[in-house]
2 protein chains.
Amino acid sequence: MLEFELLATDGLARRARLRLNHGVVDTPQFMPVGTYGSVKGVLPAALAQMGAQIILGNTFHLWLRPGVDVIRTFEGLHRFEGWSQSILTDSGGFQVWSLGAMRTISEEGVRFASPVNGDRLFLTPEVSMQIQTVLNSDVVMQFDECTPYESGGRITDEGAARASMELSLRWARRCSAEFERLENPNALFGIVQGGMFEALREQSLAQLAEMDLPGYAIGGVSVGEPKQDMRRIVAHTPQRLPPHKPRYLMGVGTPEDLVDGVAHGVDLFDCVMPTRNARNGHLFTRFGDLRLRNARYKDDPRPIDETCGCHACGQFSRAYLHHLDRCGEMLAPMLTSLHNLHFYLQLMREMREAIEQRRFAAWRTQFEADRARGP
Amino acid sequence: MLEFELLATDGLARRARLRLNHGVVDTPQFMPVGTYGSVKGVLPAALAQMGAQIILGNTFHLWLRPGVDVIRTFEGLHRFEGWSQSILTDSGGFQVWSLGAMRTISEEGVRFASPVNGDRLFLTPEVSMQIQTVLNSDVVMQFDECTPYESGGRITDEGAARASMELSLRWARRCSAEFERLENPNALFGIVQGGMFEALREQSLAQLAEMDLPGYAIGGVSVGEPKQDMRRIVAHTPQRLPPHKPRYLMGVGTPEDLVDGVAHGVDLFDCVMPTRNARNGHLFTRFGDLRLRNARYKDDPRPIDETCGCHACGQFSRAYLHHLDRCGEMLAPMLTSLHNLHFYLQLMREMREAIEQRRFAAWRTQFEADRARGP
């Protein structure tokens, strides 16, 4: 089930509402990443409290641990991980691609050895659909080949990008057929590939659009390409996708990347950056990024971000967080992850409001000026 | 400031209320340990929610990191660590004692090299009082020498235990004088030493009682001695302390140790066991201890403890926690620490009720039967 209601537009930016089997998602929206069925360091109740409406799970990781048999006994991921709202799962394609030399890609699928126990495994479009059906995620991603930006130091040429994109299209059709056969009650998204080549992107999206899937993603960005190439694809592809369906930019990115994506008509984002950076003391604030490990924060009584409404900013100082980080205390990543995720979700909230009020461009100018100020 | 009101007794067990500068503490009570100004993996708000009324901080650790200058700018530990209720700080004596070969003890104090940066430091009764005054902890512990149970494989004999106990008594007098001079508005506790020798314990407590301090601790237990020796001292010393003052058994222990301590008239306990064991997958339940890493929990849909009211037991299964632990997810120690601390605080709540209703012996029989059942 997926319903998509476009509520307002402002230039290419869109404010919409997505209805999935586990509830409503207001877009533009950011999806915190819960690789192993847990957004690292953050309780589901805290995610709900900060306004998260949908989180991501990684099919590849959950397949290996705890395995589908365990999740089947919980009738899916929601009850297993204690999250009652929506979940999107990726297909496992990106992770098997990341295994590099440890995997072999064929028309049929990807053979690889489990990095957990060495088991020889075979992931195909059909297997990915079967796993995601057990996970019962509200949004199921097609199994695709994530076209690399470069391999062995050589940038992927148009011929290789075309072959990869076409393989992903054939896999999209197999996914759709298997998804139907399984009578999966959720929503299958197709993934536009085509590397850094606009013409390939257009061929990919035209053929996916013909399949009339309930939503589409832009894949194969944020895979090591220069920022200007990513921005070029983001400026090109989203606006060409079917307007009455949700658009998801996979694995992106910095706050500025999210704003740029929304400006070009993207509805959904996911990224490990808020939580991973938090664990490394890299904090996002309205007035620019803050490196918590800098000695200047040793006795700074201010919160991370004086304009932030999160629990970390309401209760604790930079000095305390600096101290916790220095001592390796678990409370440091707990609080900084809370803050960074809250920052991302608040950023999306502000963008939704700005679009509703048709002042997105002015909001963006202020956002960029604020971020340049310094924390 | 310290007021101690004895509300009920049942045998030697006592139900009392302690008033300190940052609020009320109902005893018997357990104090979660926040070594570096953070109870590992648990938000202060979560501690308050589970009923914690007083937490512990370690003077030695906080002296080294973040240092007194930082904590002074926050006017003490409460605002620095975001905990508004009571705090007890130890004196640093136990930690310098633990440094072993890296320290030299003299009449004046303890010389040692900082394990953080190698700085040569000198901790004396006066310095301990000065640091704890900056920390502004509600209960200040005297600087003492924690008499070891054994050194280099040889059990401490009565002569050595006597010399150590007498040094601690002289240090208690210096602490008291310095505490007065500093006009510290909080409460100083003396520490009974004397090793495993009842006669020495009696001499120590008699001389401390003469000092008329607002509270007393039993130190030098839980330092590697056999359980039967610890139980012998716990059966001996607490009941001989002044009845109208709080009694604190330092660094103890298992749930059974706490029940035994209460049965012998102890009011306050602290121990790292609930949080440390949680991080190692060792969970306390009403029906005995549960080893989360055991494969039998792989698909167990039950909560850790069906009778427990904590957030972890309300929302998550053994299977999910087993999975998180196996994947090294931070949420595992967060949830298990929450549960173990909740278990300890609930245990104290039950004991307070049982004493009020004068059914402590019956409650204890049931507790022991339940714990023997198996989780």
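Predicted model: local features only at pLDDT ≥ 70, side-chain atom pairs only at ≥ 80, totals over all residues.
View 1. B:Arg15 is buried, with a relative accessible area of 5%. A polar atom of the B:Arg15 side chain lies 3.2 Å from the backbone oxygen of B:Thr27. The side chain of B:Arg15 also makes a polar contact of 2.5 Å with the side chain of B:Glu356. Beyond its neighbours within four places in sequence, B:Arg15 is in contact with several residues, including B:Glu5, B:Leu6, B:Leu7, B:Asp26, B:Pro28, B:Arg352 and B:Ile355.

**View 2. Stacked aromatic rings in chain A and chain B.** Over all chains, the structure holds 26 aromatic pairs. One of them is the stacked pair of A:Trp363 and A:Phe367, with 5.2 Å from centre to centre and 15° between the planes. These two residues are 4 residues apart in helix H15 (residues 360–373) of chain A, so about one helical turn separates them. An α-helix has 3.6 residues a turn, so residues three or four places apart point the same way. A:Trp363 is buried at a relative accessible area of 10%, and A:Phe367 is buried too, at 8%. For a pair in chain B, look at B:Phe284 and B:Phe343, which are stacked because their ring centres are 6.2 Å apart and their planes are at 20°. B:Phe284 belongs to strand E17 (residues 282–285) and B:Phe343 to helix H14 (residues 331–356), so this pair ties together parts of chain B that are 59 residues apart in sequence. B:Phe284 is buried with a relative accessible area of 1%, while B:Phe343 counts as buried at 9%.

**View 3. An aromatic cluster in chain A, and arginines over rings.** In chain A, one aromatic cluster is formed by A:Phe30, A:Phe284, A:Phe343 and A:Tyr344. Elsewhere on the tour, the charged end of A:Arg111 sits over the ring of A:Phe122, 4.0 Å from the ring centre. In chain B, B:Arg111 lies over the face of B:Phe122, and here the distance to the ring centre is 4.0 Å.

**View 4. Where chain A meets chain B.** Chain A brings 38 residues to the contact and chain B brings 38 residues. About 3,300 Å² is buried between the two chains, and carbon and sulfur atoms give 67% of this area. On the chain A side, A:His323, A:Glu329 and A:Met330 lose the most area to chain B, together 17% of what that side buries. There are 2 salt bridges between chain A and chain B. A:Glu329 forms a salt bridge with B:Lys40, in which the closest N and O atoms are 2.5 Å apart. The two chains also share 10 residue pairs in polar contact. Helices H1, H4, H12, H13 and H14 of chain A each supply at least two residues of the side that touches chain B. The largest share of that side, 5 residues, comes from H13(A).

**View 5. Helix H10 of chain A and the glycine after it.** Helix H10 spans residues 255–263 of chain A, and 8 of its 9 residues are buried, so the helix is largely enclosed by the rest of the structure. Among the buried residues are A:Pro255, A:Leu258, A:Val259 and A:Val262, along with A:Asp257 and A:Asp260. Just after H10(A), A:Gly265 takes a positive phi of about 95°.

View 6. Most residues other than glycine have a negative phi, and most peptide bonds are trans. A:Pro28 lies in the loop between strands E3 and E4 of chain A. B:Asp212 lies in the loop between helix H8 and strand E14 of chain B.

Technical notes
Residues numbered from 1 in each chain as written. Chains lettered and ligands numbered in written order. Heavy atoms only, no water. Phe/Tyr/Trp six-rings, centres within 6.5 Å; stacked < 30°, edge-to-face > 60°. Buried < 20%, exposed > 50% of the residue type's maximum accessible area, 1.4 Å probe, protein only. Lys NZ or Arg CZ within 6 Å of the ring centre and 35° of its normal. Contact = heavy atoms within 4.5 Å. Buried area = accessible area lost by both parts, 1.4 Å probe. Salt bridge = Lys/Arg side-chain N within 4 Å of Asp/Glu carboxyl O. Polar contact = N/O pair within 3.5 Å; in protein donor to acceptor, adjacent residues only side chain to side chain.
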